[in-house]
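Please examine the chain shown below together with the briefing that follows.

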Amino acid sequence: MTTHPRLLQTVLDATDVRGLAEFYRQLLGLRYRAGDEPPADPSPDEADWLVLVHGDGGRALAFQQVEHPTPATWPSPAVPMQLHLDTTVPDLESLEAVRARAEALGARLLLDRADDEQEPLYVLADPACHPFCVFVA
């Protein structure tokens, strides 16, 4: 059992998942996770979730499709920077332990999908209301 989740990746919302992934792929010298590479045909890319990895295969960034993001206005505080963290634990016992520990540290539960057979997870908000996910992987 573990009480400290491992940071898996940072997830960025985008209206053009492939375009933003390609920007960061080129900027940071990353590569696509197997199966996330651009399609061979020039038809519109329908990807709604993509992952970029380091050369050793370790995850770096993920991109999630959204319809209407509100662009950050930073450094103006009107709309703050936006992202969320994905963290993983090895088993359900650890998932429960991490949830309890996070809440003891001031997190608030936003979504309970612990019963999901495919991907048990919790989405919590940190004390500043930034969301983060803890899931079994």
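**Briefing on the predicted model**

Val 11 stands opposite His 84 in S5. That pairing belongs to the contact between strand S1 (residues 6-14) and strand S5 (residues 84-89), which run antiparallel and are joined by 5 bridges.

**Overall make-up**

- The chain contains 2 helices and 8 strands.
- In sequence order these elements follow the pattern β-α-β-β-β-β-α-β-β-β.
- The C-alpha trace spans about 50 × 35 × 25 Å along its principal axes.
- Of the 137 residues in the chain, 31% are buried.
- The chain exposes about 8,500 Å², and carbon and sulfur atoms supply 56% of that area.
- Among contacts with a separation of 6 or more, 51% are accounted for by residues 24 or more positions apart.

- The 8 strands form an open sheet with mixed pairing, in the order S2-S3-S4-S1-S5-S8-S7-S6.
- The edges are held by strand S2 (31-32) and strand S6 (108-113); each has a single partner strand, so one side of each is left without a neighbour in the sheet.
- Helix H1 (residues 17-28) packs on the sheet and touches S1, S2, strand S3 (49-53) and S4.
- The direction of helix H1 makes about 160° with that of S4.

**Strand pairings**

- S1 pairs with strand S4 (residues 59-65) in the parallel sense, over 5 bridges.
- S5 and strand S8 (residues 131-136) run parallel and are joined by 5 bridges.
- Leu 85 stands opposite Phe 132 in S8, and Val 89 stands opposite Val 136 in S8.
- Strand S7 (residues 121-125) pairs with S8 in the antiparallel sense, again over 5 bridges.
- Ala 125 has Pro 131 in S8 as its bridge partner.
- S7 and S8 form a hairpin with 5 residues between them. In the turn, Cys 129 has a positive phi of about 75°.

- Is Thr 87 buried or exposed? Thr 87 counts as buried, because its relative accessibility is 8% and the limit for a buried residue is under 20%.
- Thr 87 lies in strand S5. Not counting residues up to four places away in sequence, Thr 87 touches Pro 5, Arg 6, Leu 7, Leu 8, Cys 133, Val 134 and Phe 135.
- Ala 62 is found in strand S4 and counts as buried, with 0% relative accessibility.
- Which residues are in contact with Ala 62, leaving aside its neighbours within four places in sequence? They are Gln 9, Thr 10, Val 11, Leu 12, Trp 49, Leu 50 and Val 51.
- Ala 62 and Ala 21 are 41 residues apart in sequence, and their C-alpha atoms are 7.8 Å apart in space.

**Aromatic rings**

- A pair of aromatic rings is described by the distance of the centres and the angle of the planes.
- The count comes to 2 aromatic pairs when ring centres are required to lie within 6.5 Å.
- The rings of Phe 23 and Tyr 24 have their centres 5.0 Å apart and their planes at 85°. The pair is therefore edge-to-face, a description that applies to planes over 60 degrees apart.
- Ring pairs link Phe 23, Tyr 24 and Phe 63 into a cluster.
- Phe 23 counts as partly exposed, at 45% relative accessibility. Tyr 24 is also partly exposed, with a relative accessible area of 23%.

**Charged groups over rings**

- Arg 18 lies over the face of Tyr 32, at 4.9 Å from the ring centre.
- Where does the charged end of Arg 99 sit? The charged end of Arg 99 sits over the ring of Tyr 122, 4.8 Å from the centre of that ring.

Notes: Residues are numbered from 1 along each chain as its sequence is written. This is a predicted model: local features need pLDDT of at least 70, side-chain atom pairs count only at pLDDT 80 or more; totals for chains, interfaces and linings use all residues. Side-chain values use heavy atoms; hydrogens and water are left out. Rings of Phe, Tyr and Trp (its six-membered ring) pair if their centres lie within 6.5 Å; planes under 30 degrees apart count as stacked, over 60 as edge-to-face and the rest as tilted. Buried means under 20% relative accessible area, exposed over 50%, partly exposed in between (1.4 Å probe, protein chains only). A charge sits over a ring if NZ of Lys or CZ of Arg is within 6 Å of the ring centre and within 35 degrees of the ring normal. Two strands pair if DSSP finds at least two bridges between them. Helices (H or I, at least four residues) and strands (E, at least two) are DSSP runs, numbered from the N terminus. Contact means heavy atoms within 4.5 Å. Accessible areas come from the Shrake-Rupley method with a 1.4 Å probe; for residues, only the protein chains shown count as cover. Axes are lines fitted to C-alpha atoms, for helices over the stretch in contact, and angles run from 0 to 180 degrees between N-to-C directions.
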